[in-house]
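Hello,

Here is the structure you will be working on. Please open it first, then read my notes below.

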Amino acid sequence: MKFQWLILLGLIFAVIIALFAVVNVDSVPVNYVFGEAQWPLILVILVSALLGVLLSSTIAIIRNFSLKRKNNALQKEIAVKESLIATQQNEIAEYQKLDVQPEAMVVTDGKSVEDKERF
């Protein structure tokens, strides 16, 4: 539903630009860095609108690509952590079957707290 509203707003905006461009048909000077030319105002308006759409579309596509890459990286990280959790749950289940209480260890940076206290 949100996408339909965006399309509707885009069409309304396009109609407004087209009406504005049709009303303004006089020739105007367009200054370039390297020169000057006379163009109909309708072309200046339409080209400016087109360049704005192209620029915002390019930015949106780049942002979308970046977010997809970030999402994929986070999904992989979730899979790794879920695997680690499953492994630890299996170890806990094995200890419970053997009725053994393992020593509590806090692991940070790949080393246990017990290892750090020894040194």
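**Confidence**

This is a predicted model, and its chain has a mean pLDDT of 84, with 90% of the residues reaching 70 or more. pLDDT is the predictor's confidence in each residue, on a scale from 0 to 100. Where pLDDT is low, the predicted coordinates should not be read in detail.

Some ground rules. Residues are numbered from 1 along each chain as its sequence is written, and side-chain values use heavy atoms, leaving out hydrogens and water. Because the model is predicted, local features need pLDDT of at least 70 and side-chain atom pairs count only at pLDDT 80 or more, while totals for chains, interfaces and linings use all residues.

**Helix α2**

Helices here are DSSP runs (H or I, at least four residues), numbered from the N terminus. Helix α2 covers residues 41–98. α2 has 58 residues and reaches 85 Å from its first C-alpha to its last. That is close to the 86 Å expected at 1.5 Å a residue. The expected span is 1.5 Å times one less than the number of residues. After α2 comes Asp 99, with a positive phi near 55°.

**Salt bridges**

How many salt bridges does a search of the whole structure find? It finds two. The rule asks for a side-chain nitrogen of Lys or Arg within 4 Å of a carboxyl oxygen of Asp or Glu.

- Glu 77 pairs with Lys 81, the closest N and O atoms being 3.6 Å apart. Both lie in helix α2, four residues apart, about one turn of the helix. Glu 77 counts as partly exposed because its relative accessibility is 40%. Lys 81 is also partly exposed, at 47%.
- Lys 97 pairs with Glu 94, with 4.0 Å between the closest N and O atoms. Both lie in helix α2, three residues apart. Lys 97 is exposed, at 66% relative accessible area. Glu 94 is partly exposed, at 44%.

The exposure words have cut-offs: buried is under 20% relative accessible area, exposed is over 50%, and partly exposed is in between (1.4 Å probe, protein chains only). An α-helix has 3.6 residues a turn, so residues three or four places apart point the same way.

**Aromatic rings**

Rings of Phe, Tyr and Trp (its six-membered ring) pair if their centres lie within 6.5 Å; planes under 30 degrees apart are stacked, over 60 edge-to-face, and the rest tilted. The count comes to two aromatic pairs. The rings of Tyr 32 and Phe 34 are stacked, because their centres are 5.6 Å apart and their planes at 10°. Tyr 32 and Trp 39 are edge-to-face, 6.4 Å centre to centre with 70° between the planes. These ring pairs link Tyr 32, Phe 34 and Trp 39 into a cluster. Phe 34 is exposed, at 76%. Tyr 32 is partly exposed, at 34%, and so is Trp 39, at 32%.

**Nonpolar patch**

Tyr 32, Phe 34 and Trp 39 are among the residues of a nonpolar surface patch, which has about 960 Å² of accessible area together. The patch also includes Val 33, Leu 43 and Leu 54. Patch residues have over 30% relative accessible area and no salt bridge; nonpolar side chains (Val, Leu, Ile, Met, Phe, Trp, Tyr) are joined within 5 Å, like charges within 9 Å. Areas come from the Shrake-Rupley method with a 1.4 Å probe; for residues, only the protein chains shown count as cover. Helix α2 gives the most to the patch, with five residues. Leu 43 lies in α2 and is partly exposed, at 42%.

Best wishes

Key
Helices (H or I, at least four residues) and strands (E, at least two) are DSSP runs, numbered from the N terminus.
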